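Subject: Structure for you to look at

Hello,

Please find the structure below. My notes on its helix packing follow.

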Amino acid sequence: MTQRGHKLTKGLFVSMLLTLTIALGGCAGDKAEQGSTQIATTPATESGSESSETSENNTEVSSQTPETTGDVASQITIGIPQDLNSLDPNLAEGSGTQEILFNIYEGLYKPDSNGNLLPAVASGYTMSEDGLVYTFTLRDGIKFHDGNPVTVADVKYSIEKCAGMNGGEPIISAFKNIESVETPDDSTIVVTLKEASSIFVAICATIEAAIVPAGVEDLEANPIGTGPYKFVSRSLQENVVLERFDDYWGEPAHIKDITLKVIADADSIVMNLEGGAVDMIARVSTAQAAELSDKFEILEGTMNLVQAVYLNNTKAPFDNELVRKALCYATNKQEIMDFVSEGKGTPVGSSMFPAFGKYYMEELNNTYPTDIEKAKELLTEAGYSDGFTFTMKVPSNYQQHVDTAQVLVEQYKQIGVTANIELIEWETWLSDVYQGRDFEATVVGVDASTLTAGAMLSRFRSDSHNNFINYSNAEYDAAYNNALAAEAVMDDDGATNYYKECETILTNTAANVYIQDMCELVAISKKYAGYEFYPLYIQDFSKLYLAE
């Protein structure tokens, strides 16, 4: 699924719309947790034995525009809401970091803007009939940013590092399923799994699974990838500078130099755009879009995430299902969307958003229609007839979540519940809320690093290390395990049904107060074109070009 941009009609706008998603080393993508996939891949398999064919088509990311020349086309400055938390793909916590590293690093495969998986470091692969053996062919002549050729030893090192096979902890949970990695010749990598998996290639397309040079331990200080852009420099909390990699294996990027300017103060976005300090910012608010002159094009897509009030299910009163349901009934999603983004956005009713296609259950959106009296009845039944007070911790640099929290405060007053907002910095949110689980409630958006059901649903297993809301439900665990079992025997329909059961359980038990997949607005100078929306949290700078 691809969201194509178009000019936004300007009108009366209300508030901020930036983005916050969580693709942490444990959250939204959980370093690519296992699940079923919707992404279209290009494997070639035959019955009876491992296929002798390989997937060689679509080996380059296509471009819509001719090369540009001249100084005006040589650079672009792009605003980002926060600094990168790491330049090492294995340590990247936060989709705001991973969407930038997408331009520097690549896995064996990579997603395109249509949701397909295209060969990247690999030129193709085959999968054995039983789903246990994946044989990848290394792309001929591919180089790292330091000029050295990529070898099968580099691929083996990268995979084994992510799997924790070299003595360290597994970086990618799904890679714990790897039995062995062999390199029988200079162009072949054979990965044998312990259990069959139909989604292994999708996991190999994540930033966490990037192929890096063997033996280079400090990628933070010396980031080296194979992507269309290479790292040049970084000034903490100020900017990151990238340069086009002219030896890139695929279609070269059109713009030579990119400066990523950190703009943590949301109130200065319009000033930075109109003043020429930046040429493009993704995820501006509708109010900001209305303030911009006709020098800018406003493109509209979706953020592909689940915004919700995420509740700590072990903290009173949210350890009581009736209380959680009461908040669901007291929440008016449309009112929130009207305030935050002039009605734009897609309501969601569980931990899945529309880009997931076959897994997305629109029918769950209306499980809890706004019903103040019903909410009050549930609170009384739960023993909170006089209401209660709780705190929502919200990252201060993401105004759309702050705005959402402000609306919720007013909505919950109607049922006698006092919700206080505690604004915290993003780094504090990571350490205290996500990692430390020291919170009652938080308003954020959660996304996925792959279009696999497990990327969104695995975190709610009782024993999941990234289960930051402390959700525990035996029925849910059983349904999730059944989905994995169905995948192991290549029963995609069965797996899909079990994943839908998981979503339904989350909704019926009110694990969280689900709100929306938010609208995404991109402001870009009319000097540039080529921006593409992805069904995942990605910004692909290589597609940008000089419009003239």
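Helix α12 and helix α13 cross in a left-handed way (left-handed if the near helix is turned anticlockwise from the far one by less than a right angle, right-handed if clockwise). On the α12 side the contact involves E475, Y476, A479, Y480, N482, A483, L484, A486 and E487, and on the α13 side G494, A495, Y498, Y499, E501, C502, I505 and L506 (contact means heavy atoms within 4.5 Å). By type, the residues of this contact are 12 nonpolar, 2 polar and 3 charged (Ala, Val, Leu, Ile, Met, Phe, Trp, Tyr, Cys and Pro count as nonpolar, Asp, Glu, Lys and Arg as charged, and the others, Gly among them, as polar).

This is a predicted model: local features need pLDDT of at least 70, side-chain atom pairs count only at pLDDT 80 or more, and totals for chains, interfaces and linings use all residues. Residues are numbered from 1 along each chain as its sequence is written, and side-chain values use heavy atoms, with hydrogens and water left out.

Helices here are DSSP runs (H or I, at least four residues), numbered from the N terminus.

The second pair is α6 (residues 321-330) and α8 (residues 372-382), whose axes come within 8 Å and cross at roughly 165° (axes are lines fitted to C-alpha atoms over the stretch in contact, and angles run from 0 to 180 degrees between N-to-C directions). The two helices are therefore roughly antiparallel (angles over 145 degrees). The crossing of α6 past α8 is left-handed. The residues of their contact comprise 10 nonpolar, no polar and 3 charged.

Regards

Conventions
Parallel < 35°, antiparallel > 145°, perpendicular 65-115°, else oblique.
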